[in-house]
Amino acid sequence: MTANGKLVEVRDLTTYFPVKKGVFSRTVGYVKAVDGVSFSIERGRTLGLVGESGCGKTTCARTMLRLIEPTGGKVFVNGQDVFGLTPRELRQARRRFQIIFQDPYASLNPRMTIESIVGEGLVVHRIGTRAERRRRVAELLESVGLPAEAAGRYPHEFSGGQRQRIGIARALALEPVFLVCDEPVSALDVSVRAQIVNLLEDLQAKTSMSYLFIAHDLNLVEHISDDVAVMYLGRIVEMAPAEEIYDKPLHPYTRALLAANPVPDPETRRERIILGGDIPNPMNPPGGCYFHPRCALAAGCDGCDRAYPPLMEYSPGHWVACCRPGEAPAAAAPAAALP
Amino acid sequence: MDDDSKVLEVAHLSTYFYTAEGVARAVDDVSFSIRRAKTLALVGESGCGKSVTALSIMRLVSDPPGRIVSGKVLLEGEDLMLLPESRMQSVRGGRIGMVFQEPMTSLNPVFTVGNQIMEAIRVHENASRREARERAIEMMRTVHLPSPEERIDSYPHELSGGQQQRVMIAMALACKPTVLIADEPTTALDVTIQSQILALLEGLREEFRMAVLFITHDLAVVAETAHDVAVMYAGRIAETAEVKALFRKPLHPYTRLLFRSIPRATERRKRLDTIEGQVPSPLHFPPACRFHPRCPLVTERCRAEEPQLREVETGHFAACHRSEEIEGLMK
């Protein structure tokens, strides 16, 4: 069971996708989309999950909610073992964990009214009478900053930001304790993003939900998260409180990611650490540390090309999977050769 | 030519779309200019007209429903709007190169990347296949594609997103353009790949002394790449200035709010400022000042009279009736 007030606990989660080839769809290999990920989130707190496309952050979140079946590992939400539930129990448990999606245009059924979209969970779980449900939907819409009259309208009548509010209202309908936010603002206009971010923060303050906040915008993750985990090719390479990880990144990948992140201030001309090469094919990751072919520290290290370094607690609360955490790369780093 | 010469000058450009639901004034009386070997960032949100501006410069607006209703586009003094279509074709990809957002959809999947770069060269110049191939390899080297002699025979799907964007840049630069139009060239890429491409574009701009029109919605990218900035809102230029002046002291309330709504490292966990309401649709731009329904400084005058772009401080233009008092009103 979960200990010390941890609302969400993920232990050694793995999700492998078989790769099939040929007429008989023989399995020729596996993509290790999530490969031994562990973390926990306390009540009322936010864990930011960052990484580049294909690193497994969305797969990780979806597996936690059993929208994708896991290959191994355990997930506890509110003390309940999510992977040990029967289908019927799972349906009940889903009231407690919800998700909001990236694309507010694709995630709302265009043929349903807002009332039936937001109220669908209430109907599925047989909560309240029709009149009570109607009142609840009106309340929910109000809590996300939409007029109650919106209930009778259809998704196409709303803008991107408003649709995202509808998606949030739907997620809140069953009073979840844990909310996965999968790139909730990246499809929105800059001027509308802040409205949604503030809304999510207000709702958390009011209900003490825990968030798993997935995003690739590092400035935004820094703003909203208590803790941040960085993923690379299916594994967490570094995890720490937000301030700590942004001020003192230890893993060379985190450093490169932060250095690549543009800063909205033309007065600071930072020195760019430019990471050479591309993300390797996840079906065939490099041996040893997955990052070592792009790593500026790998040249002087004799081990990271053979064994994957384990995630270790470098200082209290600051976890990193690297043989040489925190070391600055030598002046003439090989990774800087490619502009 | 002196260093500050204007290579591309857009004056009073208006492009409207005539649709069944009405006239969309997507670009309305837009003026700006780009200096040689400098980058002008055209910033704005979706539907503000920044991409239509780029297409209008290239005369690629599909007619119907779109029409360039007025304005001049001077490329080194020559008005592109007056050129016959045949000459315009040699300008596109010749003196003006263009890079788009999605490298995957801009490249033709059934031809090798070498073929596509060679085509760009041979359309504009009288080069033999062999010469074109050599030039293509040289261009691929210029954009730092690894082992170009082999990669030249690759198909687009064999390359990663970052490499595809490098191919697009190689094509755009094959004929050494004087102006490069880059429409959200890094939006579809990851941050580490984005920084590679931005560094590449910066190096090439210096090397070829190109003027770059960089279209983006990302203010952080603007801060890193641009020399000058033009902010667009609802089909019009709201503000334009040199990049540091703009970030230091924005003179239009929209720019000011936009800057405040993005999270910054120095103000962790502080509540973000928001802009009320939504970005208007081009079919229903508000009358008078188009920002007035969302503006915290709105007055009667803003609802009645459209503000013109004017020089409020030296080199710093804004289209707002209240730019002079903004520093005191929005601290």
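Helices H5(A) and H6(A) are roughly parallel to each other, where an angle under 35 degrees counts as roughly parallel, over 145 as roughly antiparallel, 65 to 115 as roughly perpendicular and the rest as oblique. This is a predicted model, in which local features need pLDDT of at least 70, side-chain atom pairs count only at pLDDT 80 or more, and totals for chains, interfaces and linings use all residues. Residues are numbered from 1 along each chain as its sequence is written, while chains are lettered from A and ligands numbered from 1 in the order in which they are written.

Let us start with that pair. H5 of chain A spans residues 160-172 and H6 of chain A spans residues 190-207; they pack at an angle of about 15°, with axes 9 Å apart. Helices here are DSSP runs (H or I, at least four residues), as are strands (E, at least two), numbered from the N terminus. Axes are lines fitted to C-alpha atoms, for helices over the stretch in contact, and angles run from 0 to 180 degrees between N-to-C directions.

Which residues of H5(A) meet H6(A)? They are A:Gly160, A:Gly161, A:Gln164, A:Arg165, A:Ile168 and A:Leu172, and they meet A:Val192, A:Gln195, A:Ile196, A:Leu199 and A:Leu203 in H6(A). Two residues are in contact if their C-beta atoms, placed from the backbone, lie within 7 Å.

H6(A) also has a place in the contact with the other chain: the largest share of the side of chain A that touches chain B, eight residues, comes from H6(A). In total, the contact takes 36 residues from chain A and 38 residues from chain B.

Now for chain B as a whole.

| Feature of chain B | Value |
|---|---|
| Secondary structure | 13 helices and twelve strands |
| Box filled by C-alpha atoms, along the principal axes | roughly 65 × 50 × 45 Å |
| Buried residues | 49% of the 331 residues |

A residue is buried if 20 or more other C-beta atoms lie within 10 Å of its own, exposed if 12 or fewer, and partly exposed in between, with C-beta atoms placed from the backbone.

Back in chain A, helix H1 (residues 57-64) is mostly covered, with seven of its eight residues buried. Among them are A:Lys57, A:Cys60 and A:Met64. After H1(A) comes A:Arg66, whose phi is positive, near 60°.
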